[in-house]
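Take a look at the chain below. We will follow its helices and then step inside.

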Amino acid sequence: GVSEKLAQLLRLQGCEYSLIYRGEKYQKLSESTYQLNPTQPQDFEQLIKGIDENRKLPLQKVIHLWSLDAPTSKDLTITSLEQTQTWGCGSVLHLVQALTKAKTDNRAKLWLVTRGTQSVKSLAEKVSLGASTLWGMGRVISLEHPQLWGGLIDLDSVSPESETQTLIQLLA
């Protein structure tokens with residue numbers, strides 16, 4: 001529900017946004033809602049083209065939230081880890097490729113968002129391993145595509161009630 005809450009806040013601020021959900025194939029569901037298959041690179045290219053054709057304002061930020069669905073480390077299985085990697089690193093790879101191919105002068109900044117993947121308070125703190133690889137990938141993207149790079153945000157796994165406000169503040 002983070003994306004929907006974030007969209008509500010953006011709408012109140014007069015911002016344009018698009019929500020993208022995982023599905024079987026690329027499809028425009030409404031004016032600002034799409035679905036795509038995270039394993040299909042061409043779906044991401046079609047998405048960027050579709051958003052570019054429909055927006056009124058320049059595309060400024062791409063906020064990747066799919067890794068927020070990663071299971072906690074104690075709930076992680078081989079199957080869920082593979083799925084988490086597809087939704088996280090796999091989809092980000094396809095997204096970066098689509099953004100670099102896009103025929104637009106205004107390059108949006110890519111932000112990757114995870115939850116509880118970084119130890120902040122102490123080394124003994126339990127972290128979520130499923131989406132932690134996205135941080136390594138983010139560091140590589142920042143070096144290879146600095147024109148696209150926005151940053152990495154790791155939300156607190158303990159107090160999710162304020163995470164939408166935290167996101168808005170960090171992205172402003």
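In which hand does H3 pass H4? The crossing is right-handed. Keep in mind that this model is predicted.

Start with that pair of helices. The axes of H3 and H4 come within 10 Å and cross at roughly 15°. An angle under 35 degrees counts as roughly parallel, so H3 is roughly parallel to H4. Now look at the residues that touch. From H3 come Gln85, Gly88, Cys89, Val92, Leu93 and Val96. They meet Thr133, Leu134, Met137 and Ile141 in H4. By class, this contact has seven nonpolar residues, three polar ones and no charged ones.

Helix H3 also meets H2. Helix H2 covers residues 41–54, and H3 covers residues 78–101. Their axes come within 8 Å and cross at roughly 45°. The two helices are therefore oblique to each other. This crossing, too, is right-handed. On the H2 side, the contact is made by Pro41, Phe44, Glu45 and Ile48. On the H3 side, the partners are Ser91, His94, Leu95, Ala98, Leu99 and Lys101. Six of the residues in this contact are nonpolar, two are polar and two are charged.

Next, go to the nonpolar cores. In soluble globular proteins, nonpolar side chains tend to be buried together. Here the largest nonpolar core has 25 residues. Which of its residues touch the most other members? They are Val92, Leu95, Leu110 and Ile141. Several elements give two or more residues to this core: strand E3 (33–36), H2, H3, strand E5 (109–115) and helix H4 (133–144). H3 gives the most, with seven residues.

Zoom in on leucine 110. Leave out residues up to four places away in sequence, and leucine 110 touches Val62, Val92, Leu95, Val96, Ile141, Leu148, Trp149, Gly150 and Gly151. There is also a second, separate core. This one has 12 residues, including Leu10, Leu68, Val113 and Leu167.

Finish with leucine 99, which sits in helix H3. Is leucine 99 buried or exposed? Its relative accessibility is 5%. Buried means under 20%, so leucine 99 counts as buried. What does leucine 99 touch, leaving aside its neighbours within four places in sequence? The contacts are Ile48, Val62, Arg107 and Leu148. Leucine 99 and leucine 110 are 11 residues apart along the chain. Their C-alpha atoms are separated by 9.3 Å.

Definitions and conventions: Residues are numbered from 1 along each chain as its sequence is written. This is a predicted model: local features need pLDDT of at least 70, side-chain atom pairs count only at pLDDT 80 or more; totals for chains, interfaces and linings use all residues. Side-chain values use heavy atoms; hydrogens and water are left out. Axes are lines fitted to C-alpha atoms, for helices over the stretch in contact, and angles run from 0 to 180 degrees between N-to-C directions. Helices (H or I, at least four residues) and strands (E, at least two) are DSSP runs, numbered from the N terminus. Angles under 35 degrees count as roughly parallel, over 145 as roughly antiparallel, 65 to 115 as roughly perpendicular and the rest as oblique. A crossing is left-handed if the near helix is turned anticlockwise from the far one by less than a right angle, and right-handed if clockwise. Contact means heavy atoms within 4.5 Å. Ala, Val, Leu, Ile, Met, Phe, Trp, Tyr, Cys and Pro count as nonpolar, Asp, Glu, Lys and Arg as charged, and the others, Gly among them, as polar. A nonpolar core is a set of buried Ala, Val, Leu, Ile, Met, Phe, Trp, Tyr and Cys residues joined through side-chain atoms within 4.5 Å. Buried means under 20% relative accessible area, exposed over 50%, partly exposed in between (1.4 Å probe, protein chains only).
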